[in-house]
Amino acid sequence: MASTKSTKSAAELPIGDWQARVALDVDGKPFARYVSTDGAVHKRLPRKIKQLATRSQLRALDKRLTDIKSAQLEARKRLEQTYRNGREWALADWQDRYQKQPLMRRMTERLIWELHHPTKSAKLALGTAPELTGLDGNPVPISDDDYRIRLWHPANTAANVASQWRRALLEKEIRQPLWQAWRPVYSLTDPEKRTALYSNRFAGLLLSQPVFVRVLRNRGWELKSRMKWDDDPSQKLAKPARLMLPSCGLIAEYWGRGAGSFQTGHEYGAPNFEYFATSQIRFYNTSEDSAAGAVSVPLSEVPLRAFCEAMFDIELATGLSVTGLDQHWSDPGLNVDLPLKNIDIVAGQLDNSVDRLSPGELGKIRIELLKWLIPRLAIAEKLELHGHNLKVRGKWHDYEIHTGNAAVRIVGLNRHLCIVTGGNSGLASTVTLPFAGDDILAILLSKAHMLADENTIKDPSILAQLPKPK
């Protein structure tokens with residue numbers, strides 16, 4: 001019979017002499033249930049009914065499910081872009097766009113909204129009007145149409161407010177469709193206050209360039225892969241990765257250069273560098289061009305939300321793509337555009353001690369989440385948070401997994417352990433995670449489950465790195 005988690009039917013399509021009913025589950029994911037001629041609802045389509053269905057009917061159902069997923073993906077991107085473009089709505093327009101649209105409603109009812117009024121204090125509320133609710137679960141009254149509404153960002157309120165919302169979402173087992181209550185807030189560090197015009201927070205790293213480029217492009221950044229001719233010593237540095245922040249008239253730029261050997265056996269078909277060697281992060285006014293010698297905006301003058309959005313994207317990208325440390329990097333100061341010689345990386349000599357890096361804000365957020373998550377896992381007795389690492393007690397060794405980049409170190413042997421994983425743990429699926437889209441968390445959980453029973457590992461590349469205890 002149909003799941004109790006389904007919502008009202010989004011559509012019905014013929015499948016043979018049955019009907020396929022398309023609906024959304026509690027997380028907004030589309031699925032199909034099948035209605036027989038006697039009105040009974042089935043989770044699966046019997047083979048004999050499927051054989052009666054025409055090819056066009058089956059294609060139409062697949063297309064409907066695919067179209068819904070694509071529309072939801074685009075909607076999530078548009079919502080997240082409001083953090084960069086400052087989009088907000090009059091209450092009536094917002095209700096038309098979100099409350100009355102089934103696909104959008106299922107997504108936005110799991111998000112926190114900020115309501116503003118010209119004569120009243122601002123309010124935070126979860127859900128879709130008129131069922132907006134506060135932290136206590138009680139309805140938030142909206143008495144007139146003078147309210148304007150926007151997607152709430154944790155940088156807009158005190159840290160304890162965001163923490164309270166996170167606890168409330170965990171208690172209610174609400175899974176947000178994007179990073180919101182768990183979105184990290186980045187404050188200026190003492191080194192950033194000293195450098196003033198730029199940040200070295202994510203400098204001195206060697207990133208897998210294909211992964212780095214793909215992640216930042218998916219996050220809305222403009223950048224191209226560094227190629228053989230970009231870093232010719234006679235030329236200036238190639239243009240940095242750039243993020244438009246139109247709500248405050250700024251552009252964030254992440255500087256760096258190509259490193260390592262040239263790769264040609266990939267989809268681009270050009271001599272791209274294997275690595276991207278990172279350097280400074282700067283902010284410029286949109287009316288100025290860094291390539292023309294414009295002076296970057298002081299970090300202290302960058303609006304907090306804009307600063308957070310740029311840093312959040314960069315930490316996501318570097319966490320997923322970091323492979324080593326750039327031992328040749330030093331702070332170029334204000335001369336970041338000086339020609340730099342390519343970094344030669346000898347095979348087998350990459351400094352991969354990324355498990356020693358200090359945790360970023362995302363790592364700290366994951367630590368907070370893991371404190372809640374660990375007791376709910378089947379391997380809970382083998383796990384312990386140790387500083388910014390998740391410690392795993394295996395049968396052969398103990399391991400520490402970095403919460404910022406999921407790098408693994410074998411405790412005792414003090415040795416880095418390279419594990420390539422697809423990033424889908426599939427082992428915490430019974431636990432309601434509070435937000436979608438954290439690939440590092442999925443990789444971390446996958447590695448933890450693998451290492452808790454490392455005697456069952458079959459991958460020879462991993463076993464070669466794991467000496468069995470005598």
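Colleague: At what angle do the axes of helix 7 and helix 8 cross?
Modeller: This is a predicted model, where local features need pLDDT of at least 70, side-chain atom pairs count only at pLDDT 80 or more, and totals for chains, interfaces and linings use all residues. Residues are numbered from 1 along each chain as its sequence is written, and side-chain values use heavy atoms, without hydrogens or water. Helices are DSSP runs (H or I, at least four residues; strands are E, at least two), numbered from the N terminus. The axes (lines fitted to C-alpha atoms, for helices over the stretch in contact, with angles from 0 to 180 degrees between N-to-C directions) of helix 7 (residues 209-218) and helix 8 (residues 304-321) come within 9 Å, crossing at roughly 150 degrees.

Colleague: Are the two helices roughly parallel or antiparallel?
Modeller: Under 35 degrees counts as roughly parallel, over 145 as roughly antiparallel, 65 to 115 as roughly perpendicular and the rest as oblique. With the crossing at roughly 150 degrees, helix 7 is therefore, relative to helix 8, roughly antiparallel.

Colleague: Which residues of helix 8 does helix 7 meet?
Modeller: Contact means heavy atoms within 4.5 Å. From helix 7 come Val211, Phe212, Val215 and Leu216, and they meet Asp313, Ala317, Leu320 and Ser321.

Colleague: How wide an arc do the buried residues of helix 3 cover?
Modeller: Leu91, Trp94, Gln95, Tyr98 and Gln99 of helix 3 (residues 91-99) are buried (under 20% relative accessible area with a 1.4 Å probe, protein chains only; exposed is over 50%, partly exposed in between). They sit on the same side of helix 3 because their arc, taken from the directions from the helix axis to the C-beta atoms, is only 100 degrees.

Colleague: What is the relative accessible area of Arg409?
Modeller: Arg409 lies in strand 17 (residues 408-410). Beyond its neighbours within four places in sequence, its contacts include Asp355, Asp398 and Glu400. Arg409 is buried, with a relative accessible area of 11%.
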